[in-house]
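Reader: Hi! Could you walk me through this model? I'd like to chat about its strands and its core.

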Amino acid sequence: MSRMSVFNSPFLLGFEQFERTIDRISKLSSDSYPPYNIEQLSSNLLRITIAVAGFEKKNLEINLEGNQLQIKGYRPEDDTDKIFIHRGIATRQFQRNFILAEGIEVDEASMENGLLFVDLSQPINNEESKKIEIKDNKNKLNDKLISLENGRSHK
């Protein structure tokens, strides 16, 4: 069965990439580990906070590939000799992906008290009105014509 597209309208041109991004996001959102928050610190600043208790800075990796921010955590298995009566603290590796909008930049990353902070900035939106000039096609075509007489351009 084929899926009906929200963007299947003659008025929405060039949104195919956006639709693919939405499909990727829906596939990525199924895992809930590790927990995270996204805060808006100001009109153009965002912060992603991820709970990385038990992870050291050397076991975390942050990459930006195109518009996808990827945060990975690796944990060496050094507690194989420990006997747990209850094990409620997750120690598994993780990969958390965030799709960033066009123009959003990663400013910095820091850690404090088991939390990883990734600060992002987004450009201030100017949504200005722009008038599009209507050109005369006839003049445009005449400029491109080449006269066969003497090999000169016709102008």
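**Strands and core**

Author: Happy to. Leaving aside residues up to four places away in sequence, L120 touches N44, L45, L46, I48, L69, L100, I104, E105, V106 and D107, where contact means heavy atoms within 4.5 Å. This is a predicted model, so local features need pLDDT of at least 70, side-chain atom pairs count only at pLDDT 80 or more, and totals for chains, interfaces and linings use all residues. Residues are numbered from 1 along each chain as its sequence is written, and side-chain values use heavy atoms, with hydrogens and water left out.

Reader: Thanks! Which residues have the most contacts inside the largest nonpolar core?

Author: L69, I71 and L120, in a core of 16 residues. A nonpolar core here is a set of buried Ala, Val, Leu, Ile, Met, Phe, Trp, Tyr and Cys residues joined through side-chain atoms within 4.5 Å. Buried means under 20% relative accessible area, exposed over 50%, and partly exposed in between, with a 1.4 Å probe and protein chains only.

Reader: And which strands each supply at least two residues of this core?

Author: β2 (45-51), β4, β5 and β7 do. Strands are DSSP runs of E, at least two residues long, numbered from the N terminus.

Reader: Is β7 mostly covered or mostly open?

Author: Mostly covered: six of its seven residues are buried. β7 runs antiparallel to β2, joined by seven bridges, and I48 stands opposite V118 there. Two strands count as paired if DSSP finds at least two bridges between them.

Reader: What about β6 and β7, how many bridges there?

Author: Seven, in the antiparallel sense.

Reader: Changing topic: where is N113 found?

Author: N113 is in the loop between β6 (105-112) and β7 (115-121). That hairpin has two residues between the strands, and N113 has a positive phi of about 50 degrees although it is not a glycine.

Reader: Buried or exposed, that N113?

Author: N113 counts as exposed, at 73% relative accessibility.

Reader: Last one: what order do the strands of the open sheet take?

Author: β3-β4-β5, three strands with antiparallel pairing. β3 (60-65) and β5 (94-99) are at the edges with a single partner strand each, so one side of each has no neighbour in the sheet. The twist averages 15 degrees from one strand to the next, using axes fitted as lines to C-alpha atoms and angles from 0 to 180 degrees between N-to-C directions.

Reader: How many bridges pair β3 and β4?

Author: Six, with β4 covering residues 68-73. Within that pairing, L60 stands opposite G73.

Terms used
Helices (H or I, at least four residues) and strands (E, at least two) are DSSP runs, numbered from the N terminus.
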